[in-house]
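Here is a short report for someone meeting this structure for the first time. It moves from the whole chain to single residues.

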Amino acid sequence: MEINNIIDYLVKSADSPEKTIKESCKKNNKEAVGWVAPYAPEEIVYAANCIPVGIWGGQVELTKARIYLPAFACSIMQSIMEYETRGTYDFLKAVLIPAVCDTLKCFGQKWKGTCKAIPFVFPQNREAKSAEAFLESEYKYIKEKLEEILGITITEKALEDSIVLYNDYRSEMRRFVEIASNRTDIITPLIRHKIIKASYFMDKKDYLEYIKELNKRLRLMPANRSKNKRIVVTGIMLEPDGVIEYFEKYGMDIVGDDLAHESRQFRTDAPFSGRSLNSLAKRWTSHSACSLAFDPYKERIQYLVDLVNHHNADGLVIALMKFCDPEEYDVPIIMDRMKKENIPLQVIEIDQQAKSFEQINTRLQSFAENI
Amino acid sequence: MSIINENMTSKEMLGILVDKNMEDARKAKARGELVCWSSSIAPCEFTETMGICTIYPENYAAVLAAKKLAPEFLEHAERKGYANDICGYARINLGYMDLKKELDEIEFPLPDLVLLCNNICETLLKWYENIAYELNIPLLIVDVPYNHGDEVTEENIKYVESQLYDIIHQLELICKKPFDMDKFQEVMKIASDNATAWYGATSLCSAVPSPLSGFDMFNYMALIVCMRGKKECGVTFKKLKAELEEKIKRGEGGLKGVEEKHRIMWDGIACWPYLSHTYKVLKNKGANMTGSTYPSAWALEYTPGNLYEMAKAYTGMGNNLSLKGQTDLRKGIIKETKCNGVVMHLNRSCKMCDFLQYEIGKELQDSMDIPITTFDGDQADPRNYSEAQYETRIEALVEMMEQKSR
């Protein structure tokens with residue numbers, strides 16, 4: 001397949017989530033199980049012969065969501081709530097909801113869709129020896145719930161195979177973002193985002209094939225000599241597309257990211273431990289430098305400095321999800337540190353419900369001019 | 001010798017003890033001893049055993065907010081880059097910390113370590129991360145997983161219990177001395193007795209008329225937050241209980257000079273910058289707050305010496321329950337304290353308090369046929385409250401309650 005065809009296919013897959021999911025299910029004879037952002041043990045869902053579908057909201061006008069959530073709930077959960085009430089997720093067999101923040105704790109208790117909700121918790125004291133055992137018990141609960149809902153048995157072998165596949169996927173994705181950082185003439189900010197986003201709606205086995213092929217072909221191409229500014233983005237997610245278009249408009253390439261929606265998904269592998277659920281638990285306890293995983297040493301801050309330096313970036317953009325506490329607390333500390341490091345920084349507010357992006361336009365324009 | 005005695009009223013004791021707690025912290029700091037900042041329902045038993053002076057940012061933020069001194073700190077935090085929708089207590093505290101960190105003698109001394117327990121909210125994780133990072137001090141955490149199911153699971157309790165042992169070890173390293181298990185036993189008994197005494201006194205709100213106004217209870221709360229590990233705390237609540245029992249005998253209500261006509265449950269944190277306004281509007285309608293989730297919040301009862309039970313108590317408290325658990329808790333409060341209306345504080349500062357409010361309210365209305373009103377407010381930020389809206393909402397609630405009682 002030609003490189004353009006691979007890119008087109010993945011971009012289209014990202015642009016039509018429902019169609020992509022249904023086609024993937026049909027092709028692989030699988031059901032779909034959703035999981036609400038930011039993290040979930042997708043491997044368990046995959047081992048249940050289902051396609052794990054990442055639920056990250058979208059650009060939607062709020063009507064019914066306002067009944068159930070005050071205006072100061074984060075924008076992503078507002079969108080998800082709106083879709084829930086419209087029945088958008090009712091084709092899913094179940095949905096996993098992680099309690100990583102106060103909003104999601106409540107969210108897991110008030111799912112309005114027709115499929116079963118499976119709320120669960122990630123332990124936050126990840127240095128405690130008992131955290132792994134606790135998380136294993138949560139994963140066992142998820143596994144049993146899925147078995148009950150789907151009427152199947154999830155075998156240890158299926159879990160092991162799933163972990164191998166996912167580690168392979170994660171490693172290939174890390175390769176992709178690395179190669180893409182120097183092929184920005186082809187992998188523009190919007191294309192980069194959509195290629196990564198497509199993974200949420202496809203069977204990982206199929207998706208991995210596309211990415212492997214894409215990486216192979218990209219690697220054969222020379223690194224581009226773009227005069228564009230090189231930018232690293234951090235936050236929960238960089239959407240809607242209209243926001244990313246401003247990066248392109250003002251000549252800013254996205255060369256690296258620390259977005260929960262993108263690179264944080266594939267930053268950490270599940271190590272081998274002899275027991276699948278324990279391996280998955282270890283993946284969370286070794287996940288680092290993330291605003292959503294208790295980070296007493298604020299490793300995220302150093303990670304961002306390193307990421308900017310690694311990519312020889314011209315600046316950092318915080319894509320701050322509106323009303324997202326965990327991200328908001330990190331902002332002043334990131335600001336201080338970037339100032340000390342002389343790394344240009346801009347903060348833009350991400351609101352999935354926004355229809356116009358004038359403030360973002362102005363901020364990104366002046367940022368591009370000043371770096 | 002204790003600085004309080006049996007001849008004092010509980011209110012006098014309260015004033016003396018709250019001042020003393022802060023004064024002790026300042027003196028400890030001046031002597032070069034360790035000062036700990038702790039979240040409000042964290043296991044104080046550990047720092048108390050180690051003799052570490054422990055003070056509570058949530059309490060101090062509420063004090064500043066009630067004294068109308070919060071804006072300076074809120075604005076400073078916002079200038080630093082903190083978004084204005086972050087918890088008002090956190091913004092006040094982080095603003096205070098930043099403004100005062102270069103000063104020698106300050107009212108609320110800066111900490112040498114922090115202790116957090118996220119059984120009330122996840123915001124604390126980020127808030128305390130920032131304190132520890134900015135001041136470069138040790139952070140002790142008891143991570144209490146949310147009870148998403150209707151039961152508090154064994155796995156949850158065991159995870160919390162194991163962290164309690166970790167805290168002992170961490171404190172030994174920080175304090176460079178062994179943890180005194182005999183003293184710990186003693187402190188656990190005091191804390192558990194104090195929890196019982198707190199609940200014993202505040203639950204007398206169930207009497208008709210209630211001898212205590214819920215707003216007075218808000219004041220006594222400072223003591224259970226700040227001094228749960230100290231004997232004097234229990235002495236005060238026993239005295240309060242005796243005083244309230246006397247009032248019950250006399251048929252005296254808690255609303256000063258006003259007959260109790262209505263009994264409401266207050267759902268959520270107090271609106272500290274407007275405490276007086278929120279109280280007076282209710283009082284003028286003869287409405288007393290007899291129910292709230294506060295009495296049970298610190299009813300952390302366990303057998304001293306039993307860390308498993310202790311873990312269970314800290315894990316199973318109200319804020320950390322599932323939707324069903326939280327709804328059942330409120331149904332119990334409404335029944336026990338004989339409420340005929342509910343005021344829900346849609347608190348801009350507290351997502352955990354707010355985001356289940358619709359579902360809880362609907363279930364209370366459907367199953368108990370009780371009138372409910374909500375109002376927009378904030379536990380600490382005075383900008384998020386409208387006196388007119390509160391007055392209108394309370395008026396409507398009282399009308400509904402009156403209609404129901406006809």
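What percentage of the 371 residues in chain A is buried? Buried residues make up 66% of them. Keep in mind that this is a predicted model.

**Chain A as a whole**

Chain A holds 16 helices and eight strands. Its radius of gyration is 20 Å, close to the 21 Å that the globule rule gives for 371 residues, so chain A is as compact as a globular protein of that length. The C-alpha trace of chain A spans about 60 × 50 × 45 Å along its principal axes. Contacts in chain A also reach along the sequence. Take those between residues at least 6 apart in sequence: 72% join residues at least 24 apart.

**An enclosed helix in chain A**

Helix 13 of chain A covers residues 276-285. Nine of its 10 residues are buried, so helix 13 is largely enclosed by the rest of the structure. The buried residues are S276(A), L277(A), N278(A), S279(A), L280(A), A281(A), R283(A), W284(A) and T285(A). What do they pack against in chain A? Their partners are helix 3 (42-47), helix 7 (130-150), helix 8 (156-180) and helix 12 (263-266).

R170(A) has 1% relative accessibility, so it counts as buried; the cut-off is under 20%. Leaving aside residues up to four places away in sequence, R170(A) touches E43(A), I163(A), Q265(A), F266(A), T268(A), D269(A), A270(A) and R283(A). Among these, R283(A) is one of the buried residues of helix 13 of chain A. R170(A) and L208(A) are 38 residues apart in sequence, and their C-alpha atoms are 9.1 Å apart in space.

**Helix pairs in chain B**

Now turn to chain B.

| Helix pair in chain B | Crossing angle | Axis distance |
|---|---|---|
| Helix 1 (residues 10-30) and helix 10 (residues 231-250) | about 155° | 8 Å apart |
| Helix 4 (residues 70-80) and helix 5 (residues 88-100) | roughly 80° | within 7 Å |
| Helix 8 (residues 181-202) and helix 9 (residues 214-226) | roughly 175° | within 11 Å |

Begin with helix 1 and helix 10 of chain B, which pack at an angle of about 155°. That makes helix 1 roughly antiparallel to helix 10, since the cut-off is over 145 degrees. Helix 1 of chain B passes helix 10 of chain B in a left-handed crossing. On the helix 1 side, the contact uses S10(B), M13(B), L14(B) and L17(B). On the helix 10 side are E232(B), C233(B), V235(B), T236(B), K239(B), L240(B) and E243(B). By class, this contact has six nonpolar, two polar and three charged residues.

How are helix 4 and helix 5 of chain B oriented to each other? Their axes cross at roughly 80°. The two helices are therefore roughly perpendicular. Helix 4 of chain B brings A70(B), E72(B), F73(B), L74(B), H76(B), A77(B), E78(B) and K80(B) to the contact. Helix 5 of chain B meets them with G88(B), R91(B), I92(B), G95(B), Y96(B), D98(B), L99(B) and K100(B). The residues of this contact divide into seven nonpolar, three polar and six charged.

The axes of helix 8 and helix 9 of chain B cross at roughly 175°. That makes helix 8 of chain B roughly antiparallel to helix 9 of chain B. N194(B), A195(B), W198(B) and T202(B) of helix 8 meet M217(B), Y220(B), M221(B) and I224(B) of helix 9. Which classes make up this contact? It has six nonpolar, two polar and no charged residues.

**Backbone details in the loops**

The loop between helix 8 and helix 9 of chain B holds P209(B). A cis peptide bond joins V208(B) to P209(B), with omega about -10°. Chain A has a cis peptide bond between A37(A) and P38(A), where omega is about 10°. P38(A) lies in the loop between strand 1 (31-36) and helix 3 of chain A.

Positive phi values also occur. F323(A) is not a glycine, yet its phi is about 65°. F323(A) lies in the loop between strand 7 (315-321) and helix 15 (325-341) of chain A. Its relative accessible area is 13%, so F323(A) is buried. In chain B, D369(B) is not a glycine either, and its phi is about 55°. D369(B) is in the loop between helix 16 (357-368) and strand 8 (372-377) of chain B.

Methods: Residues are numbered from 1 along each chain as its sequence is written. Chains are lettered from A and ligands numbered from 1 in the order in which they are written. This is a predicted model: local features need pLDDT of at least 70, side-chain atom pairs count only at pLDDT 80 or more; totals for chains, interfaces and linings use all residues. Side-chain values use heavy atoms; hydrogens and water are left out. Axes are lines fitted to C-alpha atoms, for helices over the stretch in contact, and angles run from 0 to 180 degrees between N-to-C directions. Helices (H or I, at least four residues) and strands (E, at least two) are DSSP runs, numbered from the N terminus. Angles under 35 degrees count as roughly parallel, over 145 as roughly antiparallel, 65 to 115 as roughly perpendicular and the rest as oblique. A crossing is left-handed if the near helix is turned anticlockwise from the far one by less than a right angle, and right-handed if clockwise. Contact means heavy atoms within 4.5 Å. Ala, Val, Leu, Ile, Met, Phe, Trp, Tyr, Cys and Pro count as nonpolar, Asp, Glu, Lys and Arg as charged, and the others, Gly among them, as polar. The radius of gyration is taken over C-alpha atoms; the globule rule is 2.2 Å times the number of residues to the power 0.38. Buried means under 20% relative accessible area, exposed over 50%, partly exposed in between (1.4 Å probe, protein chains only).
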